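Dear colleague,

I am handing over the structure below, and after it I set out what was found there. Please read the notes with the model open beside you.

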Amino acid sequence: MRASNERLHLGNYEGALRVWIELQDKYEMFCMVADWHSLTTLRAGQAFDVGRNSLEIAKDYVAAGLDPEKCAIFIQSHVPEHAELHLALSMVAGLGKLERVPTFKEKKDDLGAEQQVSYGLLGYPVLQAADILLYKPYGVPVGKDQAPHLEVSREIGRSFNSMFGVEVFPEFVNIIDQDELRSKLPGLDADENGVLRKMSKSYDNCIYLSETPDETAKKIKSAFTTPTKLKKTDPGIPEGCAVCQYLKVYSPDWQTAWDEDRAGIRGCMQSKTECIEVINEYLRPMRERRAALGDDEIREILRVGAEKARERAKMTMDEVRAAMKLA
Ligand code: AMP
């Protein structure tokens with residue numbers, strides 16, 4: 001299990017973390033902060049403090065409800081076997097296949113023509129395969145959008161087994177959340193056609209788990225609503241309104257809000273006020289846990305997590321080395 005190395009937003013929580021938290025009572029789990037992955041899209045002159053970011057993400061994990069007593073929480077680079085297995089798997093991962101991975105093309109375009117595309121970016125799916133296969137999991141819980149990546153990891157595992165004639169890596173399943181709206185939580189804005197799009201750091205349309213209630217309120221106040229609803233009596237289209245979508249997820253009274261919005265008997269301001277209230281209440285326990293979590297405490301959680309993860313990772317690497325007949 002992984003998330004990219006940036007502060008976590010409500011979309012990450014709904015699409016990934018919320019599901020992990022449910023699973024931690026049922027399965028043995030390994031949850032990591034993917035710091036190596038975050039270095040695959042470095043831009044010239046834009047170096048960032050990857051270590052600080054990793055600590056903040058780990059705090060988001062614990063604040064959101066991942067329990068270090070139940071699952072191993074660690075930083076990817078603290079378990080060097082991830083890097084080692086990445087190298088081993090790079091011997092069987094096909095170049096053509098990697099070049100065709102849709103996120104490689106997207107990220108390459110994002111970087112723009114003047115930025116060099118790194119070898120690390122091309123190898124991103126190989127590292128992701130290593131992240132998964134190292135633990136020989138029964139399943140990997142991911143957002144729907146990540147499902148194609150898992151297929152690449154599976155293929156790399158199969159290629160390794162077939163190349164070396166040993167079943168080192170068993171098949172694993174996708175554990176996908178069935179909640180349609182939560183598995184693609186919209187952001188606060190709309191695209192150039194006035195259509196809602198997913199909450200994503202790259203669109204700068206996120207509510208972050210670590211922000212203050214005032215920051216959240218300010219963002220929701222300027223969130224995208226029905227553009228043709230200028231006054232209260234104008235009919236709204238809740239399906240295309242970010243605030244109404246949030247009410248659907250977070251307010252038990254959303255149906256009334258939607259009906260009133262459509263009928264022109266409630267204004268967007270009322271919906272926004274209710275939305276601010278329910279979302280801030282939803283985030284309150286996470287904020288409280290986060291505020292109580294110091295750097296020393298999170299570092300200790302990560303140290304213990306990495307130790308636990310390494311025990312498992314080393315066993316797999318022994319098998320990998322044996323299969324590859326490394327001396
Ligand atoms: P990313 O930060 O895009 O690598 O995503 C990390 C995890 O969060 C993945 O499992 C995504 O599916 C999930 N995720 C990201 N954005 C959203 C969103 N807007 N709604 C639901 N899940 C999301």
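This is a predicted model, and I would start with helix H12, which spans residues 254-263 and in which Ala257, Trp258 and Asp261 are buried. These three cover an arc of only 100° around the axis, so they lie on the same side of H12. Helix H11 is included in what covers the buried residues of H12, and just after H12 comes Gly264, whose phi is positive at about 70°.

The side chain of Thr226 reaches the backbone nitrogen of Ile237 at 2.9 Å.

As for the protein chain as a whole, its secondary structure comes to 14 helices and seven strands, and buried residues make up 50% of its 327 residues. The radius of gyration is 22 Å, which agrees with the value near 20 Å that a compact globule of 327 residues would have. Among contacts between residues at least 6 apart in sequence, 75% join residues at least 24 apart. The chain exposes about 16,200 Å², of which carbon and sulfur atoms supply 53%.

Key: Residues numbered from 1 in each chain as written. Predicted model: local features only at pLDDT ≥ 70, side-chain atom pairs only at ≥ 80, totals over all residues. Heavy atoms only, no water. Polar contact = N/O pair within 3.5 Å; in protein donor to acceptor, adjacent residues only side chain to side chain. Buried < 20%, exposed > 50% of the residue type's maximum accessible area, 1.4 Å probe, protein only. Helix = DSSP H or I, 4+ residues; strand = E, 2+ residues; numbered from the N terminus. Arc of directions from axis to C-beta. Contact = heavy atoms within 4.5 Å. Rg over C-alpha atoms; globule rule 2.2 N^0.38 Å. Areas by Shrake-Rupley, 256 points an atom, 1.4 Å probe, with all protein chains shown as cover.
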